[in-house]
Each structure stands twice: as C-alpha cells, then as structure tokens.
Amino acid sequence: MAIQPNEITADSQVARIFEWRRGFNTIHLIDLGIRVGMFKAIAEAPGSTAEQLAQKLGLHAPYVTAWCKTAYGMELLDAEDGLRYRLAPHFDTILAAPTHPRYLGGYVRLGTDVAAEDFRRCVEAFRTGVVKPFQGRGDSFNQAIAESTQGLQVIAAKKILPALDGLAARLEAGGTILEVGCGTGNLLLGLAKAFPKARVLGVDIEADSLASARKKIAAAGLDGRVEARQGTVGAAVQTASADAVVMIEVLHEIAQPIRPGVVKECGAALKSGGWMVIVDETYPTTLAEMRQPEFKFPLMTGFEELLWGNIIPTREEQEKLLRDAGLTGEIQRAIIGEGFTVLTSRKA
Ligand SMILES: C[S@@+](CC[C@H](N)C(=O)[O-])C[C@H]1O[C@@H](n2cnc3c(N)ncnc32)[C@H](O)[C@@H]1O
C-alpha cells in the first residue's frame, strides 16, 4: 500500500530519533569547536585547510580534519576548492563573536556543561524530588547564563525600553530603572549607556553574580550612578522609587511560593506612570499549545531547568501576578526570538 505524505510510519519515527541524536552530536561538535578555537580561527582566516587550522591551534590534525568534514556536512562550514573551509553565513557572529548579541556559545555550553550533568542527576532526582538551585553554581555557570541572555539584554536596552510611552523622557530627567535579578550586571551597564542621565539600580539574591556586577560597574567608572544590591526587592528598594522595573529571564527563576510577593514588591517599587518590563518564557497551558512552535522553547526550558526548581509561569499565572501586584492597566504581550515573551504594563 502506498504511504501517504505526512503518514507516521515506524521508519519516520526512527528517523526522528536519529535526527535528535544528530542534534545532540552537533551541539557537542559546536561546543568542542568553540573550546578549541576552531570557529574563531576559521572566522579570522577563511579558506584555511584542516592542516593549517591544526597547526595554528596546536591540535591533532586527523581529529581536526574529521571535525571540519563533519561541520561541513552539518552545514556549519562551507568549503571551496575541495577542503578550504569558511564559516557558513552568520556563524561568525553566532559562534565566533562572544560579545555579539547573537552569540550562542553560552547557550551551547549551558547544554553541554550544565544540562548534561543535570539530566544525569535526574534519575536520582525523579525519586527524591531534590533541587539543585541556580544560586551557588559558580562563576562559569553565571558567565554562561550571562552569555546566553546578552541578546535579550541588548534588545531590552536598545529597543523595548526606549519604545515605552513617556519612559525615555522620565529617564532623561534623572529617573531610575530598577533591574530585578541583575545577575552579573551586563544589562545594568547597557541601560546606563542607553539612558545616560538615569540612575540604574540592580537587585539580586546571588552573591557571586553581584560581585562580578560590582567589578564591571567600577571598571566602567559608573559607581554612584549604577549600583548592585543584594537582597529582596522589598528590603533593598524604596517604595515608588522606580520609573521602570525590568526583569530578564528572572520571573521563572523566582521560587513559586514567593513569586507573588516578589512581583508585588516590584509593583510597589514603581512610581505611578512607571513601566513593568518582563522578558521571560511562557509555559503552554493547553495540549494544543504544547505542540505549537512558539511554545517548544519554553516547554524544553521547563524540562531542562526542572532540577533548578524552576517552574515556568503560564500566561494565566503571569497575568494574575501582574494584576495582584497592582498593574491594572493593559498588559502588552509580544513574542521575540526562539519563544521569549515580552510583557509590558504601565502602573496607573
Ligand atoms: C537566569 S538569571 C538572569 C540574570 C540576568 N537577568 C540575565 O539576563 O543574565 C536569573 C537571576 O534571577 C535571580 N533571582 C532569582 N530569584 C530572585 C529574587 N527573589 N530576587 C532577586 N533576584 C532573584 C537569580 O539569582 C539570577 O541571578
């Protein structure tokens, strides 16, 4: 009997497993390429042969040859004259430029370093329900997080905040931006640059990240205008003191039992007319949503971060949190990138 297009067969299901397995290997191939300097070396000298790359990087030539051929097969590299390699379009910024907003090396490393280890722990954790939280995972983890979120931070500082009605004028007049969950402080610096007259205050509960944020603030000569404080929003920030409260990839990291209280403290920290800006993931509510493309990333992130104790809020939970925090006006919602939700709401 003829097989219909899109018919699910045993072979098509087997092919899906092989495709995912190839994805797993490709992520490791990318991670390896970043660690040993392949992407950077090819970006600097397009048209290099595997032998030249091996020599330049002090690597074992047969392994480098296999890496190049596989990366070519996976369309990470293009090649000319047989075996002279260059990066396929756009991978110079995505995989060879750690400070570029599109760089995904940190996200790849979160998979190979952190998720791989967490998934191994899951066998035991599924029996015990143990949690290994975000906080206290160390510098390399904090750095990988910061690299993974830098694109969102650039969008927040350069696009989302400047577009909010009346905010730029308030900040130009010396207003205050509060970033809750500021982590290692990259966005604090980005906001200070985007709004040169504003005061920028960061709050986090993670001591190591804050130490790194404070070093960056001092190195940028921004002590006095930019500050990173440890503690809860309620304890560290005055009521009605901020023109904007910003949270990037933080809402789902706040432990669920204390989430309503933290969001209420954020609402209380806002001045009248100030803006709440939340960039986070939205967990699907219905079965249909679980298979929709824009929910695939939050669905997988929820699984990847199970052991961190993270529970990604659904749309309904997000809206209730904001309403209960006194944000009674319109809640604007947009999806950006792989499936990040941007929520903005103005305090009456
Ligand atoms: C995924 S990280 C994001 C950090 C940073 N916003 C970024 O974009 O790179 C989440 C941050 O939220 C912080 N966090 C979690 N719960 C918090 C709370 N109750 N109050 C303040 N920060 C919190 C974590 O310590 C962590 O630094």
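The legends below walk through close-up views of a predicted model. Residues are numbered from 1 along each chain as its sequence is written, and side-chain values use heavy atoms, with hydrogens and water left out. Because the model is predicted, local features need pLDDT of at least 70 and side-chain atom pairs count only at pLDDT 80 or more, while totals for chains, interfaces and linings use all residues.

**View 1. Helix α1 and its packing partners.** Let's start with helix α1, which covers residues 10-36; helices (H or I, at least four residues) and strands (E, at least two) are DSSP runs, numbered from the N terminus. Its 27 residues reach 39 Å from the first C-alpha to the last, close to the 39 Å expected at 1.5 Å a residue (the expected span is 1.5 Å times one less than the number of residues). Which residues of α1 are buried? They are Thr26, Leu29, Ile30, Asp31 and Gly33, where buried means under 20% relative accessible area, exposed over 50%, and partly exposed in between (1.4 Å probe, protein chains only). These buried residues pack against α2 (38-44), α4 (61-73), α5 and α6.

**View 2. Alanine 96 in helix α5.** Alanine 96 sits in α5, residues 91-96. It counts as buried because its relative accessibility is 18%. Leaving aside neighbours within four places in sequence, alanine 96 is in contact (heavy atoms within 4.5 Å) with Phe39, Lys40, Ala43, Leu87, Phe91 and Tyr103.

**View 3. Glutamine 150 in helix α7.** Here we look at glutamine 150, placed in α7. With a relative accessible area of 12%, glutamine 150 is buried. Not counting residues up to four places away in sequence, glutamine 150 touches Pro98, Thr99, His100, Pro101 and Tyr103.

**View 4. The largest nonpolar core.** A nonpolar core is a set of buried Ala, Val, Leu, Ile, Met, Phe, Trp, Tyr and Cys residues joined through side-chain atoms within 4.5 Å. The largest one has 32 residues, and Leu161, Ile177 and Leu191 have the most contacts inside it. Among the elements that each supply at least two residues of this core are α7 (139-160), α9 (186-194) and β6 (242-248). A second, separate core of 26 residues includes Val203, Val233, Val250 and Leu251. In soluble globular proteins, nonpolar side chains tend to be buried together.

**View 5. Phenylalanine 195 in a loop.** Phenylalanine 195 lies between α9 and β4 (199-204). Is phenylalanine 195 buried or exposed? At 8% relative accessibility, phenylalanine 195 counts as buried. Among the residues that phenylalanine 195 touches, beyond four places away in sequence, are Leu161, Leu171 and Ile177. Its C-alpha atom is separated by 9.8 Å from that of alanine 169, 26 residues apart along the chain.

**View 6. Two loop residues with positive phi.** Alanine 240, in the loop between α11 (233-236) and β6, has a phi near 50°. Glutamate 249, in the loop between β6 and α12 (259-269), has a positive phi of about 55° although it is not a glycine. Alanine 240 is partly exposed at 43% relative accessibility, whereas glutamate 249 is buried at 14%.
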